[in-house]
Amino acid sequence: MMVFRFKQFDVDQSGCAMKINTDGVLLGAMVKADEPHYILDIGTGTGVIALMMAQKFPGAVIDAVELDTAAAQTAGKNFGNSNFSNKLHVHPLGFEEYFNHHPEKKYDLIVANPPFYINSLEAAGDKMNLAKHTDQTFFEVLIKAVSAHLASKGLCWLVLPVATASLVKKLILPYQLYVHHTINIHSFTDVDAHREVVVLGTIPVQSTTERFIIYNSPKVYSKQYQEILKDFFTIF
């Protein structure tokens, strides 16, 4: 299905190596922030998370960066076809180059569903490799950039595999970033978490943790999942 229809917008996935997935929509649905004015979506892909941010935070302006030119074009079309087109801006650049062009930019909220297969076998196809594979250096550079471009009370929300999340929590130590909250995502109640949503902030706080279950049983979504996505998915 190339066009995914949400309640308030549509997402055409043409030209995007990474299609809409559970990680991205869960991150978009879970994000909480106190009336952010400026939001950055790093690695926007189809633009789905940026569109969710536009729906969720009516007063915000959202910048979306995407290194893959074809994906950036698709995201731009999705933005232009939405009711939020005046507040969404796509930049066909990697985040490093984007910040080199805009060193003064500060964001109240940064969100990312980044590449995460560290030192693993490469997927078939250059586009898929770009979308899914990275190494530790990528996260070191990402954390440094987040630290430099978060506003004084800003938050960064990331969705990551569990092992990668552990790495990121270690990498933040020199950069005056702190783990505010962790959401452990499980497919079912009786299996280990396979993803973590990690919330980073510039202010030290007592870190908290919660558990999120996607399915009650195969193909039967949990109440948690339905509740968090009811404002976005047409099936709920």
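Predicted model: local features only at pLDDT ≥ 70, side-chain atom pairs only at ≥ 80, totals over all residues.
User: At roughly what angle do the axes of α6 and α7 cross?
Analyst: Helix α6 covers residues 136-149 and helix α7 covers residues 162-171. Axes are fitted to C-alpha atoms over the stretch in contact, and angles run from 0 to 180 degrees between N-to-C directions. The two axes come within 10 Å and cross at roughly 45°.

User: What is the orientation of α6 and α7 to each other?
Analyst: The cut-offs are under 35 degrees for roughly parallel, over 145 for roughly antiparallel and 65 to 115 for roughly perpendicular, with the rest oblique. At roughly 45°, α6 and α7 are therefore oblique.

User: Which residues of α7 make the contact with α6?
Analyst: Contact means heavy atoms within 4.5 Å. From α6 come Gln136, Phe139, Glu140 and Ile143. Their partners in α7 are Thr164, Leu167, Val168 and Leu171.

User: How far apart are the axes of α1 and α2?
Analyst: Helix α1 (residues 22-30) packs against helix α2 (residues 48-56) at about 20°. The pair is therefore roughly parallel, and its crossing is right-handed. The axes are apart by 9 Å.

User: How many nonpolar residues are in the contact of α1 with α2?
Analyst: Gly24, Val25, Leu27, Gly28, Ala29 and Met30 of α1 meet Val48, Ile49, Met52, Met53 and Lys56 of α2. Ala, Val, Leu, Ile, Met, Phe, Trp, Tyr, Cys and Pro count as nonpolar, Asp, Glu, Lys and Arg as charged, the others, Gly among them, as polar. That contact has two polar and one charged; the nonpolar number eight.

User: How many salt bridges does the count come to?
Analyst: The rule asks for a side-chain nitrogen of Lys or Arg within 4 Å of a carboxyl oxygen of Asp or Glu. One of the pairs is Asp10 with Arg5, at 2.6 Å. Another is Glu227 with Lys230, at 2.8 Å. The count of salt bridges is five.

User: Asp63 forms a salt bridge with Lys105; how many residues apart are they?
Analyst: The closest N and O atoms of Asp63 and Lys105 are 3.5 Å apart. Asp63 is in strand β4 (residues 61-65), and Lys105 is in the loop between α4 (95-101) and β6 (107-112). The pair links distant parts of the chain, and the separation in residues is 42.

User: Does Asp63 count as buried or exposed?
Analyst: Buried means under 20% relative accessible area, exposed over 50%, partly exposed in between (1.4 Å probe, protein chains only). Asp63, at 7%, counts as buried.

User: What is the relative accessible area of Thr44?
Analyst: Thr44 is placed in the loop between β3 (38-42) and α2. Leaving aside neighbours within four places in sequence, Thr44 is in contact with residues including Ala50, Ala64, Phe79 and Val90. Thr44 is buried, with a relative accessible area of 5%.

How values were computed. Residues numbered from 1 in each chain as written. Heavy atoms only, no water. Helix = DSSP H or I, 4+ residues; strand = E, 2+ residues; numbered from the N terminus. Left-handed = near helix turned anticlockwise from the far one by under 90°.
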